[in-house]
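Trainee: I want to go through the terms one by one. Can we put each label against its definition?

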Amino acid sequence: MSDVTPPAPRPEEVGRAGRFLFWAGIGLLVLWVLVPIWFLFVNALSAPSEVTSFPKRLWPSFDMASLQFFWNFQGVTRALWNSVKVAVLTMILSIGMGAPAGYALSRFDFPGKEFFRVLVIMTRAFPLPLLALPLAVMFIRTGLDDTVLGLALVHAMLALPFAVLITYSLFSGIPVELEEAAWTLGCTRFQAFVKVVLPLALPGIAASAVFAFVISWNEVFAAAVLTIENRTLTAFLLQSLNVSPLPLKFAGGAALVLPALIFIFAVRKYLFAMWGIANR
Amino acid sequence: MAEIAIKGVAKQFGDFTALHSVDLTIADQEFMVLLGASGCGKTTLLRIIAGLETPSQGEVWIGDRRVDHLPPRERGIAMVFQNYAVFPHLTVFENIAFGLRMAKLPQAEVTRRVTRTAELMHIEQLLKRYSGELSGGQRQRVAVARALAMEPDVILMDEPLSNLDALLRLEMRAELKGVLAESRTTTIYVTHDQVEAMSLADRISVMNGGYIVQADRPTQVYRNPAARFVGSFIGNPPMNFLPAQGTGDGRWQVAGQVFDGPKVEAAEFAIRPEDLHPAEAGLDAEVRVVEPLGPHTLVTAEVAGQPFRAVLESDRAISPGDVIPLAPIPDRIRWFDPDTHKAIQ
């Protein structure tokens, strides 16, 4: 008996199967993300009567009745305005504190630096529900409950790790020699930062600010627990979810998702940079 | 116009001592090269003079001012960095003008100085470009122009040519020498390239392990190394060293040959490879490798079991395995103390 080896698959067959798997995987992931979004927008942009109908249209009928209903719903505009205020304040707070921390991490050696970096990420390890009750009690005592500032503080805490890490990688990408050159050319440390580092880091800082905005915009738990009158849009929708008709839910969902999607798309390059994927 | 004095400057990074109490004086308008292998402390010393690093102890004087407590901007220095450090968000013009604007010079003066230094460095056609649109050599020129435009007392250069390719390096080296000589600025130049050091320097400070081993004119450093390290670091191929047995009264036996030497207890014989010539009698060299280099031939051999190199005229046929007697030029022989490794005068 001679050795009979099973015929090896031809290389091009292997390549074809591999390519098929590759594209199938990509297709699956894309559908995973896109189908809910499509579903949301098709329903939001269709007439209320169409929302419960089946089969779905691939393309919405662009009937604005749902959105109009949503817009005129009692308290929506106020909640939207609150959302914007909280998100902007979150953005300012998290960049105001996060960017200096990121700069310090990238430029200075200090004892406990590694520990600090871990600590920054650890703040995300505590589940918010665990913190909510003590926070609520503390906020009521200090009078921060049900205020835009109070909620923005909590959101800033959520956004801060990302602000620190994004700006850290941002500043680390700017050669320290550029700053040193500026010092030898007559700059103080602060002037060198303003004239050399800031212009180079500005797009990235803007991106990390937008990311903080989105985190606050999408956050629902703290918003629902810590506010009563001054609800943000997410908390407002959550509260009125079980009493509102289906078209309102879809319209509200779309209103929430759209800004977040646009912003994240605009700053995607910097988010990749944060995770260490070079994308330039 | 500025003389630089470094008095007892030392630097520790944690447990690591980068500089051991260095003393050095650099004359006004002198071109001083700090030469050494990486990690010898040359860049640390330069950065201490620049004010980018604070010394653990000691004083730095520029002119008649003590500057070691001053920030870089108050020291009257300009620096050229190894990676050029050209600001990417500014045009070439604004890069060169950066320090002048910081000094709040009037616009006319800024334009005058930028134009002049740009012409000097042959980059006047690039003034509107950004650093991303420049080649490495052009960025180097911008960095030098930016430093020159400051009209500083001292220019500090940290391996400015090491990122350029070989041909460009040669060209820039000659150009830098001309430009800096004309500017009459005191220059401190850090490099690990001995050819660069020899060709540029008024004086070379050879550094090793955080010490300045020798600070002298290039020919002196080459001909009369103050220590064994200098001889073995400078020169390509480096100096040859052979053990010597004293036979009394300043006579030394080296590989079977007798030479006149210093009247000391112990000494090591040293000779540069190009200071040897084939003769009737000499150090018997057993040839291992022969490398014809055109103008001369590099011979790697063994003398008394020690590796030994000679640079010989290329007209002589030598093959591996030959034993050729090599006679040293008597007044080029140097002697070193085998314990302290210092030169014996």
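Mentor: What follows sets values against definitions.

Mentor: This is a predicted model, in which local features need pLDDT of at least 70, side-chain atom pairs count only at pLDDT 80 or more, and totals for chains, interfaces and linings use all residues. Residues are numbered from 1 along each chain as its sequence is written, while chains are lettered from A and ligands numbered from 1 in the order in which they are written.

Trainee: How do you know where the domains of chain A lie?

Mentor: From an automatic or database domain assignment. For chain A that gives domain 1 (11-66) and domain 2 (75-274). Their C-alpha centres are 31 Å apart.

Trainee: What makes up the contact between domain 1 and domain 2 of chain A?

Mentor: Two residues are in contact if their C-beta atoms, placed from the backbone, lie within 7 Å. On that basis, domain 1 of chain A gives nine residues and domain 2 of chain A gives seven.

Trainee: Which elements give two or more residues to the domain 1 side?

Mentor: Helix H1 (11-44) and helix H2 (48-51) of chain A. Helices (H or I, at least four residues) and strands (E, at least two) are DSSP runs, numbered from the N terminus. H1(A) gives the most, with five residues.

Trainee: What is the make-up of that side by class?

Mentor: Ala, Val, Leu, Ile, Met, Phe, Trp, Tyr, Cys and Pro count as nonpolar, Asp, Glu, Lys and Arg as charged, and the others, Gly among them, as polar. The domain 1 side has six nonpolar, three polar and no charged residues.

Trainee: Why are H8(A) and H9(A) called oblique?

Mentor: Take the angle. Axes are lines fitted to C-alpha atoms, for helices over the stretch in contact, and angles run from 0 to 180 degrees between N-to-C directions. Helix H8 (residues 176-184) and helix H9 (residues 189-218) of chain A pack at about 135 degrees, with axes 9 Å apart. Under 35 degrees counts as roughly parallel, over 145 as roughly antiparallel, 65 to 115 as roughly perpendicular and the rest as oblique. So H8(A) is oblique to H9(A).

Trainee: Which residues make that contact?

Mentor: A:Leu178, A:Glu179, A:Ala182 and A:Trp183 of H8(A) meet A:Ala192, A:Lys195, A:Val196 and A:Val197 of H9(A). Six are nonpolar, none polar and two charged.

Trainee: How many residues does each chain bring to the contact of chain A with chain B?

Mentor: Chain A brings 13 and chain B brings 19. H8 and H9 of chain A each supply at least two residues of the chain A side. The largest share, six residues, comes from H8(A).

Trainee: What makes S6(B) and S10(B) edge strands?

Mentor: Two strands pair if DSSP finds at least two bridges between them. The open sheet runs S6-S7-S8-S3-S9-S10 in chain B, with mixed pairing. Strand S6 (77-80) and strand S10 (211-216) of chain B each pair on one side only.

Trainee: How do you know that S9(B) pairs with S10(B)?

Mentor: Count the bridges. Five join strand S9 (residues 203-208) of chain B to S10(B), and the two strands run antiparallel. B:Ser205 stands opposite B:Ala215 in S10(B).

Trainee: Why are H3(B) and H4(B) called oblique?

Mentor: The axes of helix H3 (residues 107-120) of chain B and H4(B) cross at roughly 135 degrees and come within 9 Å. H3(B) and H4(B) are therefore oblique to each other.
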